[in-house]
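Q: I'd like to learn how to read a protein model bit by bit. Could you walk me through one?

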Amino acid sequence: MRTPYFSRLQALPLGMALCGVSALAEPLPTPAALQELLKAPPQAVKVIEPHLSIQGEPSVQRAYLGYPAAQVLRQLLGVDWNKAPASEIEFRALDGFVARIPAERFAKYHAYLVFGLAEPQAPFSVDNKAQGEKDVPLGPYYLVWDNLAAPELLAEGGAQWPYQVAQISLRQASPAVLLPAGMSSEQWGEQAALAQKFCLSCHQINGFGGDKMPLNLAVRAKLLDERTWRVWLLTPLAFKPRTSMPALPDSMAPAEREAIAAKLHAYLKALPVLP
Ligand code: HEC
(Lines give C-alpha, C1' and ligand atoms only; values in the text may rest on other atoms or scores of the structure.)
Protein backbone atom coordinates (compact mmCIF):
# COMPACT_ATOMS: atom_id res chain seq x y z
CA MET A 1 0.00 0.00 0.00
CA ARG A 2 1.12 3.54 -0.74
CA THR A 3 2.81 5.34 2.14
CA PRO A 4 0.46 8.06 3.33
CA TYR A 5 1.64 11.44 2.18
CA PHE A 6 1.57 12.98 5.65
CA SER A 7 2.29 9.87 7.69
CA ARG A 8 4.90 11.69 9.76
CA LEU A 9 2.28 14.06 11.08
CA GLN A 10 0.16 11.26 12.42
CA ALA A 11 3.03 10.31 14.68
CA LEU A 12 3.21 13.84 16.05
CA PRO A 13 3.21 13.58 19.84
CA LEU A 14 0.23 15.19 21.51
CA GLY A 15 2.42 17.69 23.33
CA MET A 16 3.75 19.06 20.08
CA ALA A 17 0.30 19.32 18.57
CA LEU A 18 -0.77 21.29 21.63
CA CYS A 19 1.95 23.85 21.06
CA GLY A 20 0.65 24.33 17.54
CA VAL A 21 3.92 23.14 15.96
CA SER A 22 3.35 23.09 12.22
CA ALA A 23 6.90 22.97 10.91
CA LEU A 24 6.44 19.36 9.79
CA ALA A 25 3.50 20.07 7.52
CA GLU A 26 4.25 19.86 3.81
CA PRO A 27 2.61 21.90 1.08
CA LEU A 28 -0.34 20.28 -0.69
CA PRO A 29 0.24 18.71 -4.12
CA THR A 30 -0.86 20.69 -7.18
CA PRO A 31 -4.32 19.91 -8.64
CA ALA A 32 -2.64 17.96 -11.47
CA ALA A 33 -0.58 15.89 -9.01
CA LEU A 34 -3.69 15.32 -6.92
CA GLN A 35 -5.60 14.06 -9.96
CA GLU A 36 -2.80 11.56 -10.57
CA LEU A 37 -2.84 10.41 -6.93
CA LEU A 38 -6.62 10.02 -6.85
CA LYS A 39 -6.80 8.53 -10.36
CA ALA A 40 -9.98 10.46 -11.04
CA PRO A 41 -10.80 13.72 -12.82
CA PRO A 42 -12.01 16.70 -10.75
CA GLN A 43 -15.75 17.16 -10.46
CA ALA A 44 -18.03 20.19 -10.39
CA VAL A 45 -19.83 20.92 -7.12
CA LYS A 46 -22.56 23.51 -6.69
CA VAL A 47 -22.93 25.23 -3.31
CA ILE A 48 -24.53 28.29 -1.79
CA GLU A 49 -21.48 30.51 -1.32
CA PRO A 50 -21.65 31.73 2.31
CA HIS A 51 -19.15 34.54 1.77
CA LEU A 52 -21.42 36.08 -0.90
CA SER A 53 -24.76 35.34 0.70
CA ILE A 54 -26.02 38.04 3.03
CA GLN A 55 -28.84 37.58 5.49
CA GLY A 56 -32.07 39.00 4.07
CA GLU A 57 -30.87 38.89 0.44
CA PRO A 58 -31.24 36.07 -2.10
CA SER A 59 -28.51 33.48 -1.62
CA VAL A 60 -25.75 33.22 -4.22
CA GLN A 61 -24.86 29.86 -5.75
CA ARG A 62 -21.54 28.98 -7.30
CA ALA A 63 -20.10 25.91 -9.01
CA TYR A 64 -16.52 24.98 -8.11
CA LEU A 65 -14.16 22.34 -9.46
CA GLY A 66 -12.40 19.96 -7.09
CA TYR A 67 -12.24 16.61 -5.35
CA PRO A 68 -14.32 15.07 -2.54
CA ALA A 69 -12.49 16.05 0.67
CA ALA A 70 -12.84 12.59 2.22
CA GLN A 71 -10.95 11.06 -0.74
CA VAL A 72 -8.21 13.68 -0.55
CA LEU A 73 -7.82 13.29 3.22
CA ARG A 74 -7.65 9.51 2.92
CA GLN A 75 -5.03 9.84 0.21
CA LEU A 76 -2.89 12.42 2.00
CA LEU A 77 -3.33 11.46 5.65
CA GLY A 78 -3.66 7.68 5.33
CA VAL A 79 -6.59 5.26 5.47
CA ASP A 80 -6.95 5.71 9.24
CA TRP A 81 -7.36 9.50 9.00
CA ASN A 82 -10.83 9.46 10.61
CA LYS A 83 -10.44 6.49 12.96
CA ALA A 84 -8.91 7.92 16.15
CA PRO A 85 -11.36 9.52 18.60
CA ALA A 86 -11.19 13.33 18.90
CA SER A 87 -9.26 13.69 15.64
CA GLU A 88 -9.30 17.05 13.98
CA ILE A 89 -8.15 18.02 10.53
CA GLU A 90 -6.18 21.24 10.54
CA PHE A 91 -6.38 23.43 7.42
CA ARG A 92 -3.66 26.06 7.47
CA ALA A 93 -4.08 29.00 5.10
CA LEU A 94 -1.55 31.37 3.52
CA ASP A 95 -3.13 34.33 5.36
CA GLY A 96 -2.62 32.82 8.84
CA PHE A 97 -6.17 31.48 9.14
CA VAL A 98 -6.30 28.01 10.73
CA ALA A 99 -9.49 25.93 10.69
CA ARG A 100 -9.61 22.80 12.83
CA ILE A 101 -12.52 20.63 11.83
CA PRO A 102 -13.56 17.47 13.71
CA ALA A 103 -13.00 14.39 11.51
CA GLU A 104 -16.53 13.16 12.20
CA ARG A 105 -17.99 16.19 10.45
CA PHE A 106 -16.67 14.77 7.15
CA ALA A 107 -18.78 11.63 7.70
CA LYS A 108 -21.90 13.67 8.33
CA TYR A 109 -21.57 16.23 5.52
CA HIS A 110 -19.97 16.22 2.07
CA ALA A 111 -17.02 18.55 1.66
CA TYR A 112 -14.92 19.22 -1.41
CA LEU A 113 -11.42 20.58 -1.74
CA VAL A 114 -11.75 22.84 -4.76
CA PHE A 115 -9.11 24.65 -6.83
CA GLY A 116 -11.12 26.70 -9.31
CA LEU A 117 -14.54 27.63 -10.57
CA ALA A 118 -16.37 25.23 -12.87
CA GLU A 119 -16.72 28.10 -15.34
CA PRO A 120 -13.27 28.02 -17.00
CA GLN A 121 -12.31 31.70 -17.28
CA ALA A 122 -13.73 32.92 -13.96
CA PRO A 123 -11.18 34.17 -11.39
CA PHE A 124 -10.80 31.91 -8.35
CA SER A 125 -11.63 34.62 -5.81
CA VAL A 126 -14.51 35.83 -3.66
CA ASP A 127 -15.74 38.93 -1.87
CA ASN A 128 -15.75 38.19 1.84
CA LYS A 129 -18.72 40.35 2.76
CA ALA A 130 -18.66 39.53 6.49
CA GLN A 131 -15.10 40.84 6.67
CA GLY A 132 -15.52 43.71 4.23
CA GLU A 133 -12.86 42.30 1.86
CA LYS A 134 -13.09 42.26 -1.95
CA ASP A 135 -11.60 39.89 -4.55
CA VAL A 136 -9.92 37.67 -1.96
CA PRO A 137 -7.91 34.92 -3.75
CA LEU A 138 -9.17 31.44 -2.81
CA GLY A 139 -6.24 29.33 -4.04
CA PRO A 140 -4.36 27.12 -3.80
CA TYR A 141 -7.31 25.23 -2.27
CA TYR A 142 -10.69 26.09 -0.74
CA LEU A 143 -12.80 23.77 1.44
CA VAL A 144 -16.50 23.95 0.52
CA TRP A 145 -19.50 22.02 1.89
CA ASP A 146 -22.51 20.69 0.02
CA ASN A 147 -25.00 22.97 1.77
CA LEU A 148 -27.63 22.43 -0.95
CA ALA A 149 -27.99 18.90 0.43
CA ALA A 150 -27.66 20.09 4.05
CA PRO A 151 -29.38 23.47 4.50
CA GLU A 152 -28.65 23.42 8.25
CA LEU A 153 -25.07 24.33 7.33
CA LEU A 154 -26.21 27.70 6.01
CA ALA A 155 -26.59 29.17 9.50
CA GLU A 156 -22.87 28.69 10.21
CA GLY A 157 -21.64 31.23 7.68
CA GLY A 158 -18.12 30.71 6.36
CA ALA A 159 -16.38 29.69 9.62
CA GLN A 160 -15.73 26.13 8.40
CA TRP A 161 -14.88 27.17 4.83
CA PRO A 162 -11.13 27.87 4.94
CA TYR A 163 -9.66 29.32 1.76
CA GLN A 164 -6.04 29.81 0.63
CA VAL A 165 -5.45 26.38 2.16
CA ALA A 166 -1.80 25.43 1.69
CA GLN A 167 -1.31 22.70 4.34
CA ILE A 168 -3.44 19.97 5.83
CA SER A 169 -2.57 17.85 8.85
CA LEU A 170 -4.16 15.46 11.30
CA ARG A 171 -4.29 16.60 14.94
CA GLN A 172 -5.71 15.55 18.24
CA ALA A 173 -8.27 17.85 19.84
CA SER A 174 -6.49 19.90 22.49
CA PRO A 175 -8.30 19.57 25.79
CA ALA A 176 -5.21 20.53 27.79
CA VAL A 177 -5.18 24.02 26.31
CA LEU A 178 -8.91 24.58 25.92
CA LEU A 179 -9.92 22.69 29.09
CA PRO A 180 -7.04 22.96 31.57
CA ALA A 181 -7.04 21.29 34.98
CA GLY A 182 -10.02 22.47 37.01
CA MET A 183 -12.24 23.11 33.97
CA SER A 184 -14.34 20.04 33.26
CA SER A 185 -15.60 19.19 29.80
CA GLU A 186 -19.10 18.74 31.25
CA GLN A 187 -19.17 22.38 32.28
CA TRP A 188 -16.99 24.00 29.61
CA GLY A 189 -16.74 21.56 26.68
CA GLU A 190 -19.47 23.25 24.64
CA GLN A 191 -17.92 26.69 25.14
CA ALA A 192 -14.46 25.43 24.18
CA ALA A 193 -15.89 23.93 20.97
CA LEU A 194 -17.62 27.23 20.15
CA ALA A 195 -14.33 29.10 20.59
CA GLN A 196 -12.60 26.58 18.33
CA LYS A 197 -15.28 26.87 15.69
CA PHE A 198 -15.82 30.62 15.59
CA CYS A 199 -12.69 32.30 16.99
CA LEU A 200 -9.50 30.23 17.01
CA SER A 201 -9.15 30.24 13.25
CA CYS A 202 -7.77 33.78 13.65
CA HIS A 203 -7.13 34.30 17.38
CA GLN A 204 -5.40 32.22 20.04
CA ILE A 205 -5.92 30.87 23.52
CA ASN A 206 -2.60 30.67 25.36
CA GLY A 207 -0.68 30.19 22.13
CA PHE A 208 -3.10 27.72 20.53
CA GLY A 209 -4.97 28.82 17.41
CA GLY A 210 -4.53 30.84 14.24
CA ASP A 211 -2.06 33.52 13.23
CA LYS A 212 -4.38 35.81 11.32
CA MET A 213 -4.77 38.07 14.36
CA PRO A 214 -2.84 36.25 17.12
CA LEU A 215 -4.52 37.90 20.06
CA ASN A 216 -4.78 35.81 23.27
CA LEU A 217 -8.53 35.76 23.94
CA ALA A 218 -7.95 34.44 27.48
CA VAL A 219 -6.23 37.76 28.22
CA ARG A 220 -8.45 40.08 26.18
CA ALA A 221 -11.77 38.72 27.45
CA LYS A 222 -10.82 39.64 31.02
CA LEU A 223 -10.12 43.24 30.00
CA LEU A 224 -13.43 43.86 28.22
CA ASP A 225 -16.74 44.48 29.95
CA GLU A 226 -19.91 42.63 28.96
CA ARG A 227 -21.20 45.36 26.65
CA THR A 228 -17.94 45.96 24.79
CA TRP A 229 -17.55 42.21 24.37
CA ARG A 230 -21.04 41.87 22.88
CA VAL A 231 -20.49 44.72 20.44
CA TRP A 232 -17.20 43.23 19.22
CA LEU A 233 -18.80 39.83 18.62
CA LEU A 234 -22.22 40.87 17.34
CA THR A 235 -21.62 44.18 15.53
CA PRO A 236 -17.86 44.83 15.22
CA LEU A 237 -18.48 47.45 12.51
CA ALA A 238 -20.19 49.59 15.17
CA PHE A 239 -16.80 49.90 16.87
CA LYS A 240 -14.56 50.13 13.92
CA PRO A 241 -15.81 50.82 10.41
CA ARG A 242 -13.93 48.64 7.90
CA THR A 243 -12.67 46.22 10.54
CA SER A 244 -12.02 42.72 9.17
CA MET A 245 -13.22 41.11 12.40
CA PRO A 246 -16.31 39.12 11.29
CA ALA A 247 -19.45 39.24 13.43
CA LEU A 248 -20.88 35.94 14.65
CA PRO A 249 -22.88 34.75 11.62
CA ASP A 250 -26.10 36.78 11.41
CA SER A 251 -27.76 33.80 9.77
CA MET A 252 -28.18 32.44 13.32
CA ALA A 253 -31.16 33.52 15.39
CA PRO A 254 -30.48 36.73 17.39
CA ALA A 255 -31.03 34.94 20.71
CA GLU A 256 -28.52 32.25 19.72
CA ARG A 257 -25.87 34.82 18.79
CA GLU A 258 -26.37 36.59 22.12
CA ALA A 259 -26.13 33.30 23.98
CA ILE A 260 -22.92 32.28 22.19
CA ALA A 261 -21.33 35.67 22.91
CA ALA A 262 -22.20 35.37 26.60
CA LYS A 263 -21.00 31.75 26.85
CA LEU A 264 -17.68 32.63 25.21
CA HIS A 265 -17.14 35.57 27.55
CA ALA A 266 -17.83 33.49 30.67
CA TYR A 267 -15.54 30.71 29.44
CA LEU A 268 -12.65 32.97 28.44
CA LYS A 269 -12.85 34.88 31.72
CA ALA A 270 -12.67 31.58 33.62
CA LEU A 271 -9.66 30.31 31.63
CA PRO A 272 -6.30 30.77 33.37
CA VAL A 273 -3.74 32.79 31.41
CA LEU A 274 -0.58 30.80 30.77
CA PRO A 275 2.76 32.41 29.99
C1 HEC B 1 -11.49 35.87 10.30
C2 HEC B 1 -10.67 36.20 11.45
C3 HEC B 1 -11.34 36.44 12.78
C4 HEC B 1 -12.22 35.62 13.45
C5 HEC B 1 -12.79 34.28 13.01
C6 HEC B 1 -12.50 36.28 14.71
N7 HEC B 1 -11.81 37.47 14.78
FE8 HEC B 1 -11.78 38.72 16.36
N9 HEC B 1 -10.61 40.04 15.31
C10 HEC B 1 -10.12 39.79 14.05
C11 HEC B 1 -9.37 40.95 13.62
C12 HEC B 1 -8.64 41.10 12.28
C13 HEC B 1 -9.44 41.89 14.68
C14 HEC B 1 -8.84 43.28 14.73
C15 HEC B 1 -9.94 44.21 14.41
C16 HEC B 1 -9.49 45.60 14.16
O17 HEC B 1 -8.77 46.17 14.99
O18 HEC B 1 -9.90 46.10 13.11
C19 HEC B 1 -10.23 41.26 15.73
C20 HEC B 1 -10.54 41.87 16.95
C21 HEC B 1 -11.17 41.24 18.01
C22 HEC B 1 -11.40 41.82 19.31
C23 HEC B 1 -11.04 43.21 19.74
C24 HEC B 1 -9.66 43.24 20.27
C25 HEC B 1 -9.37 44.58 20.89
O26 HEC B 1 -8.78 45.39 20.18
O27 HEC B 1 -9.76 44.78 22.04
C28 HEC B 1 -12.04 40.87 20.07
C29 HEC B 1 -12.49 41.01 21.52
C30 HEC B 1 -12.20 39.72 19.24
N31 HEC B 1 -11.67 39.96 18.00
C32 HEC B 1 -12.81 38.55 19.66
C33 HEC B 1 -13.16 37.50 18.80
C34 HEC B 1 -13.94 36.36 19.21
C35 HEC B 1 -14.43 36.09 20.62
C36 HEC B 1 -14.13 35.61 18.10
C37 HEC B 1 -14.98 34.35 17.98
C38 HEC B 1 -16.37 34.52 18.25
C39 HEC B 1 -13.42 36.26 16.99
N40 HEC B 1 -12.86 37.41 17.47
C41 HEC B 1 -13.34 35.77 15.69
C42 HEC B 1 -10.27 38.66 13.29
C43 HEC B 1 -11.09 37.61 13.62
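Q: Is Arg100 buried or exposed, going by its relative accessibility?

A: Keep in mind that this is a predicted model. To judge burial, you look at the relative accessible area, and under 20% means buried. Arg100 comes out at 5%, so it counts as buried.

Q: Which residue does Arg100 form a salt bridge with?

A: For a salt bridge, you look for a side-chain nitrogen of Lys or Arg within 4 Å of a carboxyl oxygen of Asp or Glu. Here the partner of Arg100 is Glu88, with the closest N and O atoms 2.8 Å apart. The two sit in separate strands: Arg100 is in E4 (residues 98-102) and Glu88 is in E3 (residues 87-93), 12 residues apart. Glu88 has a relative accessibility of 10%, so it counts as buried too.

Q: Which residues are linked with Arg100 in a network of salt bridges?

A: Pairs can share members and join up. In this model Glu88, Glu90, Arg92, Arg100, Arg171 and Asp211 are linked that way. Across the whole structure, a search finds 11 salt bridges.

Q: Which parts does the salt bridge between Glu156 and Arg105 tie together?

A: Start with the pair itself: their side chains meet at 3.0 Å, N to O. Glu156 lies in the loop between strand E8 (142-145) and strand E9 (165-172), while Arg105 lies in helix H5 (residues 105-108), so the bridge ties together parts 51 residues apart in sequence. Both Glu156 and Arg105 are buried.

Q: And what about Arg230 and Glu258: where do they lie?

A: They form another salt bridge, at 2.9 Å from N to O. Arg230 is in helix H9 and Glu258 is in helix H11 (residues 254-270), so this pair connects parts that are 28 residues apart in sequence. As for accessibility, Arg230 is partly exposed at 31%, and Glu258 is partly exposed at 33%.

Q: Let's turn to the ligand. How many residues surround it, and which are the closest?

A: You collect the residues around the ligand and call them its shell. There are 21 of them here, and the closest are Cys199, Cys202, His203, Thr243 and Met245. Sorted by class, the shell has 14 nonpolar, five polar and two charged residues.

Q: Which ligand atom pairs up with the side chain of His203?

A: For His203, an N or O atom in the side chain is 2.7 Å from a nitrogen atom of the ligand. Oxygen atoms of the ligand take part as well: a polar side-chain atom of Thr243 lies 2.6 Å from one, and a polar side-chain atom of Arg220 lies 2.8 Å from one. If you ask about elements, helix H8 (217-223) and helix H9 (226-234) are the ones that give two or more residues to the shell. H9 gives the most, with three residues.

Q: What does UniProt list for residues 184-268?

A: An unreviewed UniProt entry lists that span as "domain: Cytochrome c". In the model, the span is 58% helix and 5% strand, and its end C-alpha atoms lie 14 Å apart.

Conventions: Residues numbered from 1 in each chain as written. Predicted model: local features only at pLDDT ≥ 70, side-chain atom pairs only at ≥ 80, totals over all residues. Heavy atoms only, no water. Near = heavy atom within 4 Å. Polar contact = N/O pair within 3.5 Å; in protein donor to acceptor, adjacent residues only side chain to side chain. Helix = DSSP H or I, 4+ residues; strand = E, 2+ residues; numbered from the N terminus. Nonpolar A, V, L, I, M, F, W, Y, C, P; charged D, E, K, R; others polar. Buried < 20%, exposed > 50% of the residue type's maximum accessible area, 1.4 Å probe, protein only. UniProt positions renumbered as here; feature names shortened; annotations may be inferred.
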